[in-house]
Amino acid sequence: MSLSYQYSEKNREKQVKSTFRCSSNIALVKYWGKKPEGIQLPANPSISFTLKDLYTETTVSVLGANTSGAPEFDFLFEGQPKPSFIPKLTDFFNRILPDYAILREFYLQINTSNNFPHGTGIASSASGFGALACCLAELEQVHTGQPVSIEKISKTARLGSGSACRSMFELPAIWGAHPLVKGSNDEYAIPFKSNIHEVFTDMMDAVLIVDAGEKSVSSTVGHGLLKGNPYASARYEEATLHLTEICTALETGNMTDFIRIVEQEALQLHAMMMLSNPYFILMRPATLSVIEALWAFRKETKIPVMFTLDAGANVHLLFPGIHNQQVKNFIEGQLLDYCQNRQYFCSAIGSAPIPIQ
Ligand code: PMV
């Protein structure tokens with residue numbers, strides 16, 4: 001597979017920076033739990049939609065020569081130093097060091113920003129590590145003259161944040177080995193290869209900001225709590241079955257099955273949190289109020305709008321774009337009281353990473 005972007009031979013000598021936009025993604029079948037062996041390998045397969053309008057833009061610039069052979073970098077978030085991100089980035093760079101000559105040879109500066117406000121509870125790790133992986137790949141490609149495959153970029157993103165490996169595709173992305181999905185594997189994500197039924201091609205996601213605060217339990221800790229959890233193996237089997245079922249629904253246009261699987265997945269994810277030891281709950285009372293209001297709205301209007309959840313309290317409403325206006329009226333009329341600062345963000349699905357000139 002070739003890269004979806006080209007670099008100019010003319011700039012080969014001169015290129016000292018790379019900028020990419022990479023979108024966030026929302027899992028339909030959730031990744032929750034890692035394999036005991038390897039680094040950041042999923043215990044079950046997952047599938048996601050990329051969220052076109054919620055993205056990170058990152059520039060990686062070469063500032064000079066590396067003097068130690070270890071990763072040397074500055075990190076700026078919206079133009080300002082952000083020391084709290086340095087340990088996670090250092091771990092990430094150390095993981096990928098053998099694969100990236102630029103990390104051993106140059107002192108880099110990373111400057112990143114999101115188009116959604118910080119502190120809304122919308123995870124930026126997928127879009128952030130996705131954008132960073134694209135920039136590093138482009139610089140590496142220019143520096144070494146060797147093409148960097150999309151598989152390697154996805155794998156690189158995964159080593160920063162597991163779910164980031166799925167942000168590489170316009171189409172739904174599948175990550176994790178599944179016996180019935182050809183090419184699926186734990187190392188990197190692949191695009192959904194079959195035709196997607198037209199009822200799913202214009203899906204939208206409205207993210208309702210129920211709680212904008214820091215999560216009380218991080219994803220890293222949450223994944224770790226599946227180790228020794230007596231329910232974990234049943235959950236992994238369920239996810240595998242759901243992936244089979246959702247692939248069929250995406251092809252055939254079976255919206256009823258699609259809704260059931262997406263909502264079951266969201267609730268199973270949070271059920272696993274409650275079944276952990278120590279147990280924890282990331283939903284808030286308003287999360288449940290939104291879900292109940294949504295179920296009543298769907299029953300009354302028959303509009304195929306469904307919810308899903310990430311590892312947090314915010315609620316994602318997924319629906320076909322033709323119902324945009326009705327869903328918008330529903331959100332603004334009935335749901336904004338449950339949202340912090342009455343905030344929500346809407347995105348279409350799709351969009352692979354985009355190079356920015
Ligand atoms: O990529 P991580 O380690 O932040 O894990 C993300 C896990 C979920 O968002 C809860 C589910 C998923 O598949 O994206």
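Predicted model: local features only at pLDDT ≥ 70, side-chain atom pairs only at ≥ 80, totals over all residues.
Local features were taken at pLDDT of at least 70 and side-chain atom pairs at pLDDT 80 or more, whereas totals for chains, interfaces and linings use all residues. Residues are numbered from 1 along each chain as its sequence is written, and side-chain values use heavy atoms, with hydrogens and water left out.

Helices (DSSP runs of H or I, at least four residues) and strands (runs of E, at least two) are numbered from the N terminus. In helix H1 (residues 86-96), Leu 89, Phe 92, Phe 93 and Ile 96 are buried, that is, under 20% relative accessible area with a 1.4 Å probe and protein chains only. Viewed down the H1 axis, the buried residues fall within an arc of 95 degrees and so line one face of the helix; the arc is that of the directions from the helix axis to the C-beta atoms. The cover over these residues includes strand E3 (72-77), helix H2 (101-105), strand E5 (106-114), helix H3 (125-144) and helix H4 (150-160).

A nonpolar core is a set of buried Ala, Val, Leu, Ile, Met, Phe, Trp, Tyr and Cys residues joined through side-chain atoms within 4.5 Å. The largest such core has 39 residues, of which Phe 93, Leu 132 and Leu 136 touch the most other members. Elements that each supply at least two residues of this core include strand E1 (17-29), H1 and strand E6 (173-175), while H3 gives the most, with ten. Beyond its neighbours within four places in sequence, Leu 136 is in contact (heavy atoms within 4.5 Å) with residues including Val 60, Phe 92, Phe 93 and Ile 96. Another core, of 33 residues, lies apart from the largest one and has Phe 49, Phe 116, Phe 345 and Ile 349 among its members.

Around the ligand are 13 residues, of which Tyr 31, Ser 163, Arg 166, His 223 and Asp 310 come nearest; a residue counts here if one of its heavy atoms lies within 4 Å. An oxygen atom of the ligand lies 2.9 Å from a backbone N or O atom of Tyr 31. For a polar side-chain atom of Ser 163, the distance to a ligand oxygen is 2.7 Å, and for a side-chain N or O atom of Asp 310 it is 2.8 Å. The protein covers 91% of the 380 Å² of accessible area that the ligand has on its own, computed by the Shrake-Rupley method with a 1.4 Å probe.

Cys 165, in the loop between H4 and E6, is buried, with a relative accessible area of 0%. Not counting residues up to four places away in sequence, Cys 165 touches Ser 154, Ala 157, Arg 158, Trp 175 and Ala 189.

Note on methods. Buried < 20%, exposed > 50% of the residue type's maximum accessible area, 1.4 Å probe, protein only. Polar contact = N/O pair within 3.5 Å; in protein donor to acceptor, adjacent residues only side chain to side chain.
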